[in-house]
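Please consult the sequence and the structure alongside the text.

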Amino acid sequence: FYTQFFRLDWGLPSRARVEQVMGSAENLAKWMPVMLEQRSKYYEIRGKLLDKDQPFRENYFALNKRWDVPVFSVLPQEIVLDRMRQYIIGVNVADEQVVLNSIKVIDPRKLRFSPDNMAHYGAIYYYITGAFLISGKIGGWLTLNPDVGYYFSHPDEVSRMYQTVRAVGGFATVGAVVALFFMMKRFYGAGIALLSAMLLAAAPLTVPYSHLMKSHLLGMFFLAAGLYFCGRIIREDLEGRELRYYILSGIALGLCGGTIITNITVGSLPVLAEWLRRDWRVRDTFKSRNMWISVLCFIVTFCICHFFIFLHFQEFRRLVRAMVEFYPSYYENRWYEWLPYLREFVLEQTDWSTLPLFLAGAWFAVRRREKFMLLCLFAFGILFLQNIFTVRHAPVNARLLPAMAVLSAWVVFQLREYLPRFRSGVVVYAG
């Protein structure tokens, strides 16, 4: 809990920044109108970029190359002021600013539920973060002034907004750890439950991304919930109550997909869970009415969370085109990036010492045909391959952590039985 919420204020605007850049309130008042004008120009170009009636490439280069200047040239005043604006009220990771802008346009009083047209997360993330902001305002922590100029002279207010939204990732991680504990306690006992929760809580990847406004940790929480409901379907005789868990698994996994569109692949888990429940009988799996209800619940939940894509499809299509232009790894394989990606994943995003446990867990799951562990292994495999073949984006790997923690904890207790002479050593290594 401490690691998820300590120093949420890192890299955020402050009064010290304003004084460092501007020197005095008089200078701030003098240059603020020019900085606001530059901000308006940026959003004007961005709007044209997503407008299907405007030329795409011309506006793309106008947005991304507008401040390109020859080497050793004197920087124009407009560039300097625009960069100063970013430093005063902005943050280093541009995605965080996109999140705030996406939330800003949502107004239930005007029946406007669509986020900003640059939104690249699902609506469920923006609604939850928006609820955090409203709670902060009700509690007196935030003011939420609609005037952007207000925040130039009140940078601490900007900092509190960012801290409030960043806290969503911390709460999602804590929720995933708790969900994993109760899931494994129900399926395998308190020992494996405690160890799996500890392994997830100790994963290095969760710390930096609980200190950024990104949706991936919230997706991790919903994936843990989806695995729990799929596990109930596989492992328990539900005596006529199984439809409830099919529906809940579809909704939970739909919410996981609803945090970011690339999580759509988790929609395959209800099918796999039914296949395992039916003892690998494919025909019986696809004849299952309950499975199709679960898939339908996933599709409906996923579509609801991304409803604004269907309402503004042309804008979304141009946004995707701009992202692909800016970051070609979305469609280029780039085999040479695989090794650095794997090295970063093993040495920085997870604890390298758990890798032998995870690999042993995968081997034991296949050898012993442990159905729930095979489900977790499939979830890991499909999400890992999806990332390595596409963007190789670090925060996306948060989806892998619950399955890794489960398999690593489970195999410790398998090894205690398999290698009785080394029982103490296995426990010490896991510790």
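Glu157 is buried, its relative accessible area being 8%; here buried means under 20% relative accessible area, exposed means over 50%, and partly exposed lies in between (1.4 Å probe, protein chains only). The partner of Glu157 in a salt bridge is Arg160, and the closest N and O atoms of the two are 2.9 Å apart. A salt bridge is counted when a side-chain nitrogen of Lys or Arg lies within 4 Å of a carboxyl oxygen of Asp or Glu. Arg160 is partly exposed, with a relative accessible area of 22%. Both residues belong to helix 9, where they are three residues apart, about one turn of the helix. Helices (H or I, at least four residues) and strands (E, at least two) are DSSP runs numbered from the N terminus.

## Basis of the description

The model is predicted, and local features therefore need pLDDT of at least 70 and side-chain atom pairs pLDDT 80 or more, whereas totals for chains, interfaces and linings use all residues. Residues are numbered from 1 along each chain as its sequence is written, and side-chain values use heavy atoms, with hydrogens and water left out.

## Further salt bridges

Side chains of opposite charge can pair when their charged atoms come close. By the rule stated above, the count for this protein is 16 salt bridges. One of them joins Arg235 to Glu370, with the closest N and O atoms 2.9 Å apart. Arg235 lies in helix 12 (residues 216-235) and Glu370 in the loop between helix 20 (355-368) and helix 21 (371-389), so this pair ties together parts that are 135 residues apart in sequence. Arg235 is partly exposed, at 35% relative accessibility.

Another salt bridge is formed by Asp279 and Arg281, where the distance between the closest N and O atoms is 4.0 Å. Both residues are partly exposed: Asp279 has a relative accessibility of 39%, and Arg281 has a relative accessible area of 41%. A network of salt bridges links Asp279 and Arg281 with Asp284 and Lys371.

## Overall form

The protein has 23 helices and zero strands. Along the principal axes, the C-alpha atoms fill a box of roughly 75 × 50 × 45 Å.

Of the 431 residues, 49% count as buried. The accessible surface comes to about 21,100 Å², and carbon and sulfur atoms account for 63% of that area; such areas come from the Shrake-Rupley method with a 1.4 Å probe, and for residues only the protein chains shown count as cover. Among contacts with a separation of 6 or more, 74% are between residues 24 or more positions apart, a contact being heavy atoms within 4.5 Å.

## Cysteines

Which cysteine sulfur is closest to that of Cys297? It is the sulfur of Cys230, and the distance of 12 Å is too far for a bond. Cys297 counts as buried, at 17% relative accessibility. For Cys376, the closest cysteine sulfur is also in Cys230, at 9.5 Å, again too far for a bond. Cys376 is buried as well, at 0% relative accessibility. The count of disulfides is zero, a disulfide being a pair of cysteine sulfur atoms within 2.5 Å.

## Selected sites in helices and loops

Asn59 lies in helix 4 and counts as buried, at 6% relative accessibility. Leaving aside residues up to four places away in sequence, Asn59 touches Ile45, Lys48, Leu49 and Gln54. Val69 is located in the loop between helix 4 (56-64) and helix 5 (77-89). Val69 is partly exposed, at a relative accessible area of 33%, and together with Leu75 and Val80 makes a nonpolar surface patch of about 210 Å². Patches consist of residues with over 30% relative accessible area and no salt bridge; like charges are joined within 9 Å, and nonpolar side chains (Val, Leu, Ile, Met, Phe, Trp, Tyr) within 5 Å.

Gly189 occupies the loop between helix 9 (155-188) and helix 10 (190-201) and is partly exposed, with a relative accessible area of 22%. Gly189 and Ile138 are 51 residues apart along the chain, and their C-alpha atoms are separated by 42 Å.
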